[in-house]
Structures are given as C-alpha cells and as structure tokens.
Amino acid sequence: MSENIQAESLLQSIDEGFKEVAQMDRDFNHNLSLSFDPEVEEETIHEFQGPCPGISLPPAAFLGPKCALWDCPRPAQRSEWCPEYCSIFHGIVALNEGTPGIGPVLRPGGIDLKDSLLFAALGAKIRGKAVGIPECEGAATAKSPWNAPELFDSFVLPGEVVREWLFFDKPRRAFESGNRKQRSLPDYGGRGWHESRKQVMKDLGGIKRSYYMDPQPSSQFEWHLFEYEMNNCDACVLYRLELKQVDSKKNTKGRWAATLDQ
C-alpha cells in the first residue's frame with residue numbers, strides 16, 4: 001500500500017514537473033523563432049540563453065541528500081515536483097526498475113560502485129523511497145543461483161569475466177559454524193553460503209558481510225554474496241550477488257551454468 005501511495009505521489013509530482021518543463025519549452029520555441037530575423041540577432045542570443053541557463057551546482061549541493069536512484073551520485077533537486085531525485089527521468093527509472101515482480105538488477109561486467117552508494121540505497125529503501133532495485137524474496141537463500149535462471153541470467157557476453165546482480169530481500173539468519181556463519185541451500189549438497197568476512201561500517205551506519213559458496217560448484221567460476229544491513233533495522237537488506245571467472249584467459253563464450261559441475 002505504501003509503495004502505491006509513493007508511486008501516485010511521485011507520478012503527480014512528475015506530471016506537475018512536465019507542465020513546468022512544457023511551459024519552458026514553449027518559451028524556448030517562442031524565443032528561438034526570433035532567430036529568423038537577422039535584424040534582432042543580438043536580442044535572439046540574449047533571449048535564447050534565458051530559459052536554458054548553464055547548470056552548475058554549487059559544491060554544497062553535493063553535501064545534501066543525493067538522488068534516490070541507487071547508482072546516481074548527483075544531489076536531489078529537493079524541488080516541489082522532484083524532491084527525491086536529480087531529475088524527473090531518474091524518478092521514472094527508479095519506479096520502473098524497482099517494480100515488484102521483476103528480476104534483480106543485472107550488470108554484466110560488475111557493479112563499480114563504492115559501498116557508500118549501496119548503503120545509501122538501502123537507507124532510502126528503508127525510508128520508503130523508490131531506488132530502482134526490486135525486492136526478490138528468497139532469491140539469496142531459497143535455492144542455488146545457478147538453478148534459478150528466472151532470476152539470474154548466466155548467459156555470458158564475449159570478454160565478460162564478472163557478472164553481478166542487486167536485489168532487496170528479508171534478512172536470513174545464518175546458523176553458527178565454528179567461528180563463522182553458514183547458510184545452507186536446500187537444493188545443494190554442499191554447505192552453501194559460508195561467511196568469509198564481516199565489516200562494521202561505522203561511518204555508514206551498517207554492516208557488510210561477505211559470503212562464498214562452499215564448496216564452489218565449478219573450478220572455472222566462483223559465486224560470492226555480499227550482504228548490506230543497516231544497524232537496528234531488520235525490515236530488509238541489500239544483496240549483491242557476484243559470479244566471477246577464476247581464470248580470465250579461459251574462453252568466456254557460452255553459458256556459465258553449463259560449465260558448472262553439478
């Protein structure tokens with residue numbers, strides 16, 4: 001229900017923003033039509049620059065709230081018609097790509113972002129903002145990722161050596177395994193996800209856990225899982241799933257899933 005209200009509110013704001021942009025466009029076209037009169041060339045240049053000034057954000061803008069779209073580092077406009085995003089377009093992208101029922105965000109070549117942006121996306125999601133990352137309940141632990149092609153497309157592109165996915169899910173509590181934590185998978189005979197590292201990110205207000213598949217199902221590729229969790233909040237966590245080629249010199253054509261030793 002809250003997501004529907006948020007979507008309706010954003011769409012209403014976007015509609016108002018489009019009306020404002022349309023008015024600017026009409027003004028722009030009116031001023032542009034002056035250029036056909038060579039006697040008013042100087043006036044044309046002056047009027048042309050009016051509705052389309054150069055955009056240069058002050059440094060202080062980057063210290064405030066950033067655009068809620070997960071991979072955008074630009075500051076939010078904080079205007080009446082676009083308060084959470086840097087532009088109307090990013091607001092639409094955040095709604096469309098985070099729609100319930102769609103698969104995880106896929107990035108062939110990996111996600112080249114600092115953890116701060118991923119924690120910012122998680123924080124915005126917890127506050128009820130659309131960030132462009134879908135919720136995929138059970139995607140991390142319901143079954144092995146190579147057995148879930150409907151969620152994790154393992155068809156590799158030529159030259160690709162790493163592939164990553166992003167999605168939100170409810171936190172899955174692991175059971176203790178010695179001094180590490182482990183998360184078994186019901187369709188896998190191995191131990192499943194095994195915790196390799198835990199980082200307390202004090203500056204970001206959360207915890208990052210790293211897991212590796214134990215044992216790895218293939219000698220050519222490795223599966224890794226990264227979990228981002230905010231302090232004192234168990235509403236949802238952000239998962240980054242990674243499939244990485246061990247030897248970059250090996251042939252990367254075909255399906256990774258077909259190379260896995262079942």
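In what order do the elements of the protein run from the N terminus on? They run α-α-α-β-α-β-β-β-β-β-β-β-α, and the secondary structure comes to five helices and eight strands. Here helices (H or I, at least four residues) and strands (E, at least two) are DSSP runs, numbered from the N terminus.

Before you click, some ground rules. This is a predicted model, in which local features need pLDDT of at least 70 and side-chain atom pairs count only at pLDDT 80 or more, while totals for chains, interfaces and linings use all residues. Residues are numbered from 1 along each chain as its sequence is written, and side-chain values use heavy atoms, with hydrogens and water left out.

**Stop 1: the whole protein**

Show the surface. The accessible surface comes to about 14,900 Å², and 53% of it belongs to carbon and sulfur atoms; such areas come from the Shrake-Rupley method with a 1.4 Å probe, and for residues only the protein chains shown count as cover. Of the 262 residues, 41% are buried. Buried means under 20% relative accessible area, exposed means over 50%, and partly exposed lies in between (1.4 Å probe, protein chains only).

**Stop 2: helix 4**

Select residues 115-126, which form helix 4. Its 12 residues should span 16 Å at 1.5 Å a residue, and the end C-alpha atoms are 17 Å apart, which agrees. The expected span is 1.5 Å times one less than the number of residues.

Is this helix mostly covered or mostly open? It is mostly covered, with nine of its 12 residues buried; among them are Leu 117, Leu 118, Phe 119 and Leu 122. After helix 4 comes Gly 128, with a positive phi near 90°.

**Stop 3: the largest nonpolar core**

Now select Trp 70, Ile 133, Leu 166 and Leu 238. These touch the most other members of the largest nonpolar core, which has 32 residues. Such a core is a set of buried Ala, Val, Leu, Ile, Met, Phe, Trp, Tyr and Cys residues joined through side-chain atoms within 4.5 Å. Helix 3, helix 4, strand 2 (162-169) and strand 7 (221-230) each supply at least two residues of this core. The largest share, five residues, comes from helix 4. Apart from this core lies another, of 20 residues, including Trp 193 and Met 213.

Zoom in on Leu 166. Leaving aside neighbours within four places in sequence, Leu 166 is in contact (heavy atoms within 4.5 Å) with residues including Trp 70, Leu 118, Ile 133 and Leu 238.

**Stop 4**

Select strand 7, where nine of its 10 residues are buried. Strand 6 (residues 206-214) runs antiparallel to strand 7, and seven bridges join the two; strands pair if DSSP finds at least two bridges between them. Look for Ser 210, whose bridge partner in strand 7 is Phe 226. A hairpin through six residues joins strand 6 to strand 7.

Strand 7 also pairs with strand 8 (residues 237-245), in the antiparallel sense over eight bridges. His 224 stands opposite Glu 242 in strand 8. In the hairpin of these two strands, Asn 232 takes a positive phi near 60°.

**Stop 5: Thr 99**

Finish in the loop between helix 3 (88-97) and strand 1 (105-108), where Thr 99 has its place. Thr 99 counts as partly exposed because its relative accessibility is 33%. Its side chain reaches the backbone oxygen of Leu 95 at 3.0 Å. Then display Val 131: its C-alpha atom is separated by 10.0 Å from that of Thr 99, although the two residues are 32 apart along the chain.

Key: A polar contact is a pair of N or O atoms within 3.5 Å; within protein, one must be able to donate a hydrogen and the other to accept it, and residues adjacent in sequence count only if both atoms are side-chain atoms.
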